[in-house]
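Dear colleague,

Please find below the structure I am handing over to you, together with its sequence. My findings follow directly after it.

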Amino acid sequence: MRILISNDDGYLAPGIDALAEALAAVADITVVAPDSNRSGASNSLSLDRPLSVSKAANGFYFVNGTPTDCVHVALTGMLDFRPDLVVSGINNGQNMGDDTLYSGTVAAATEAYLFGIPAIAFSQVHHGWEHVDAAARVAREIVLRRFDALPAPYLLNVNIPNLPYEQLGPLVPTRLGRRHQAEPVIRSQDPRGREIFWIGAPGACRDAGEGTDFYATAQGQISVTPLQIDLTHRTQLEQLARELA
């Protein structure tokens, strides 16, 4: 099995290092990741400048662009093979609920999905990389499941509690929860006295009931959410058709 690995925390992040080490034991891996932290980049492509690809001493390739850039460049010109699977992560912090819309981790996996390649995004629930080796072990086990019964391609979003492997709960299928709107921006000044704004913290959970990714991880379980890209609001489409008739 040939696996392409990317992330949004950058090629030097402990999460991608742990993931690559875990998967190298079971697959032929190639790592193509951003040259620096690109968290929150979502599905952005760099169309205003050229991109460069460099190779680090550990064999990882790094790109001066977004997570989506990394996977796009790898699949459309850099690699001389088509991966069997693309994995992204392990992210430093959760990607659940509405956060998936902003996540560069999920975006890297989504780009592969759009190219018809199965993809999985992996995140730890809390920041700090605590028990990242356990998360990497879980990631390897999930990859080895192969999910042959799912229609191909599939796009899975996995969130793993920061717990020792022996304390982790089972894998559970979940839906995305919802958050309240984000906290207000933080107003400040730069060294020249100009007003600047820092994006505020995510809002509290609004929908974290049983069956959601928030609920599962709060119980120590590993949340596995199947994602799709179709944004069409089908109910409103039917209503709109009647309005326009």
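Arginine 234 and aspartate 230 form a salt bridge, with their closest N and O atoms 2.3 Å apart; the term denotes a side-chain nitrogen of Lys or Arg within 4 Å of a carboxyl oxygen of Asp or Glu. Aspartate 230 is partly exposed, at a relative accessible area of 38% (buried means under 20%, exposed over 50%, and partly exposed in between, with a 1.4 Å probe and protein chains only).

This is a predicted model, in which local features need pLDDT of at least 70 and side-chain atom pairs count only at pLDDT 80 or more, while totals for chains, interfaces and linings use all residues. Residues are numbered from 1 along each chain as its sequence is written, and side-chain values use heavy atoms, with hydrogens and water left out.

Salt bridges

The whole structure contains six salt bridges. One of them joins glutamate 195 to arginine 187 at 2.6 Å, N to O. Glutamate 195 is partly exposed at 45%, and arginine 187 is exposed at 58%. In another, aspartate 190 meets arginine 194, and the closest N and O atoms are 2.7 Å apart. Aspartate 190 is buried, its relative accessible area being 16%.

Strands E1 (residues 2-6) and E5 (residues 85-91) pair in the parallel sense over four bridges. Within this pair, isoleucine 5 has valine 87 of E5 as its bridge partner.

Pockets

A pocket here is an open set of points on a 1 Å grid over the protein atoms alone, where a 1.4 Å probe fits, with protein on both sides within 12 Å along at least five of seven lines; lining residues have an atom within 4 Å of a point. The largest pocket has a volume of about 690 Å³, volume being the space filled by probe spheres set on the points, which are joined across faces, edges and corners. Its lining comprises 28 residues, with Gly40, Asn95, Asp99, Tyr102 and Pro202 nearest the centre.

The second largest pocket has a volume of about 530 Å³. This pocket is lined by 21 residues, and Thr100, Leu101, Leu176, Gln228 and Leu231 lie nearest its centre.

Yours sincerely

Definitions and conventions. Two strands pair if DSSP finds at least two bridges between them. Helices (H or I, at least four residues) and strands (E, at least two) are DSSP runs, numbered from the N terminus.
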